[in-house]
Amino acid sequence: MKISYNWLKKFVGFDLSPQELASMLVSAGIETFVVSTGCGWSNVVAVKVLDVQKHPEADKLSLCKVSDGLENYSIVCGAKNIAAGQIVPLAKIGAVLPRDFKIKKSKIRGIWSEGMICSEAELGLKKESDGILVLDENIKAGVALENVLTELDSILEIEITTNRGDCLSHLGVAREIGAKLRKIPTLPAIETFNVADLNCVELKSDLCHRYIGSVISGVKIGPSPKWIADALEKSGIRPVNNVVDITNYVMIELGQPLHAFDIAKLSSRKIVIRKAVDSEKIIALNGREYKLDSEMLVIASSEKPIAIAGIMGGECSGIDEKTETVFLESAIFDAVSVRKTSKKLNLSSDSSYRFERGLGWDITELASWRAANLIIEIAGGRMDARGDLRTVKYERASIALKVEKVSKVLGCDVKEDEIAEILRYLGIDLQSKGAVILCTIPSWRNDIKEEVDLIEEVARIKGYDVIASPEKCAVKVYAPGNSLLSAVAEGFKVKLNGFGFSEALNYSFSEISELEKFHLKYSYKIANPMSKENEVLRPSLLPALYKNLLLNVGQCSETVTLFEYGKIFTVLGERKSFAAIMYGKIWREWWKWAEKGVSPEYDFYFGGAIVRNILPSDEFIIAENLNPENYYHSGKTAAVVYNGKPVGQFGVLKPSMSDDVKGDVFYFEIDLEPLENVCAEKKSLYKAYSKFPVVKRDIAVTADRDLQFAKIEKVIKSVMKSGGILKEYSLFSVYSDIAKIGDGKISYSFRLSYRNNERTLTDVEVNEDIDVLLQKLNADCGVKLRR
């Protein structure tokens, strides 16, 4: 949304420059850019037109002689409104106009032009203009244009998060400025009237929470005054006529969408707020016809819809030059209903954008009176009737805020007086009750729902830079609920953060071509996607994480280690999944590789070791991947099994699918949904370590080369599960030499770890257990101890 710097100053007096203001708003959590500083040109002066002649070689061009008081200039001009005696802006040779347009001496149809006479559009003052800008005749020639146009304005563009719909207006942004500067915004003066009750409105759906209608008769439709037209153009809205422009003006001023109907065009002069009838049609103000269904809310006359509620009015009831009686609408429509209708119809507007984010209860009434005042002032007429219909009883939310918790959560000392001051300037009513402040939330802040939201408001306004960095304050990680799923996900995050991984946050949408690259199939297609990149719901976290990897590699990152916890959508429905992707060089100092001059990279073995390390308990085991995804490299993949069921896979991506980068790309994904119903009694994944020492032994065995290694592992695991003293094993060497171990043979070297949780083991016990293992390996697999 575009915001006027001068307009903000009318709400809150401040001395900040546009750049300083933008920086302050960014620090408050509102992304802000200065898109225009008013004077977007250089070397443009006021000149007097001395003479205008027809161009000898072009019927639509004029040859003008102008003067800046010192010199005369010959200018070729194509504007129809140029005339001798005018004072106009001239961009001299070397001048620079908006969008870095540089003025050079040029020959036009055989005649040299020594500059350019400018229009408002060329100066960046308006989007469109019919001709050159004609200045006041009393302005002295030669004066710099920026000294002539005293009302130059800077334009800021803001981007908000979806929960801050209250900032989609000049008043909303002014509140944020006021909170930062400890000032109260000044609201426009409004006069209310005592008039007859409205009896022409019927409210038939609870999807409309509040509906205020006003009938204003005797209006005269015409162009808007310059101050309104200019305000709209600065915000990127095209002026239409005085009444329509006032509704748009109040929307960008206060944040409340309004709509005006020509009541004479309505059959029976009756307004009905109802759900549409299936297959009912309406031609909207954009000239397009839309087919409605019974889930959509409409504003209707006694016969047909005249507006799609919260989105766009109908062509049949629009305001035109013949309108004399206006019906002014100010309402609160259900946000979810407006969004669903907008997406179904693929129709959005400035109004729908605001309704979808929620409106303040009080602003609806304020905006209704403000617009009525302006219509009567500018278009004439009088208010005949007014009504305020409601389907819900609104009560402001109250939240108890513990004073000591603010400092505890933020990690810095915040006094009660400062907390109260910040919250009051945000429009929150306070009542102190000892160590607790009872906060009554204003209607426009529907994003504040819990105590932690109030603490965030204090942090925003006080400044995030005062919060201690993580290494200076202890941070406790909370896992929501008692489900093992939440505990496992939080455990994964903590461990991977410790390994230097970063968390990625991606949309739940994907592009079909991205899925096809990894042989993934989608189950749900979006009816009205925002773009081609968002046409289906993702069945895996891989495509987005791979895009993140390529983006980082494109920025010259040698190492990319990312993880994501999010939703996927498969034939089984919506699932919760956890994934990690690794690529490039491993941090060498882990194992002092820097001293050896080597740069190892993430491969199957190192990635597998990280996966094994982050798995939270012995119930998660690494096993042979019997049904690998198509994107894994054959022979470089394994499965994660939980209670005998495969829940995840990991491995190296096929070279054909990761050919955008050099080297292996390791990927791990686990479906956490099967853990959702694990009994709540399992509150901790912690197991006490034995205080008795571990006994480690190395053995080397020989086996037939064609024997699957998985069979050897199966035997070792069976011995471990039998309840013996063998607790861990690892393979540390694979060796083959025909001269030493024979043809068709291979040698495996294992490190075995033995432990008893109740006492220290003896050599005799360990030797006996090794013999049992070797006998079973020989009996089941023909594996023998290497001599």
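**Figure 1. Lining of the largest cavity in the predicted model.** The residues that line the largest cavity divide into 5 nonpolar, 7 polar and 2 charged. This structure is a predicted model. The lining comprises 14 residues, and those nearest the centre of the cavity are Asp-166, Leu-254, Gly-255, Gly-360 and Ile-363. Helix 4, which spans residues 170-181, gives the most to this lining, with 3 residues. The space within the largest cavity is about 120 Å³. The count of cavities of 30 Å³ or more comes to 3.

**Figure 2. Packing of helix 11 against helix 12.** Two packed helices are described by the angle between their axes and the distance between the axes. Helix 11 (residues 416-425) and helix 12 (residues 451-462) pack at an angle of about 90°, and their axes lie 10 Å apart. Helix 11 and helix 12 are therefore roughly perpendicular to each other. Helix 11 contributes Glu-418, Ile-419, Ile-422 and Leu-423 to the contact, while helix 12 contributes Leu-454, Glu-457, Val-458, Ile-461 and Lys-462. Classified by residue type, the contact of helix 11 with helix 12 has 6 nonpolar, no polar and 3 charged residues.

**Figure 3. The hairpin of strand 4 and strand 5.** Strand 4 (residues 62-67) and strand 5 (residues 72-77) run antiparallel and are joined by 6 bridges. Val-66 stands opposite Tyr-73, a residue of strand 5. The two strands form a hairpin with 4 residues between them. In the turn, Gly-69 has a positive phi of about 95°. In a regular strand, side chains alternate between the two faces of the sheet.

Definitions and conventions:
Residues numbered from 1 in each chain as written. Predicted model: local features only at pLDDT ≥ 70, side-chain atom pairs only at ≥ 80, totals over all residues. Heavy atoms only, no water. Pairing = 2+ DSSP bridges. 1 Å grid on protein atoms, 1.4 Å probe; cavity = no way out; pocket = protein on both sides within 12 Å on 5 of 7 lines; lining within 4 Å. Points joined across faces, edges and corners; volume = space filled by probe spheres on them. Nonpolar A, V, L, I, M, F, W, Y, C, P; charged D, E, K, R; others polar. Axes fitted to C-alpha atoms, helices over the stretch in contact; angles between N-to-C directions. Parallel < 35°, antiparallel > 145°, perpendicular 65-115°, else oblique. Contact = heavy atoms within 4.5 Å.
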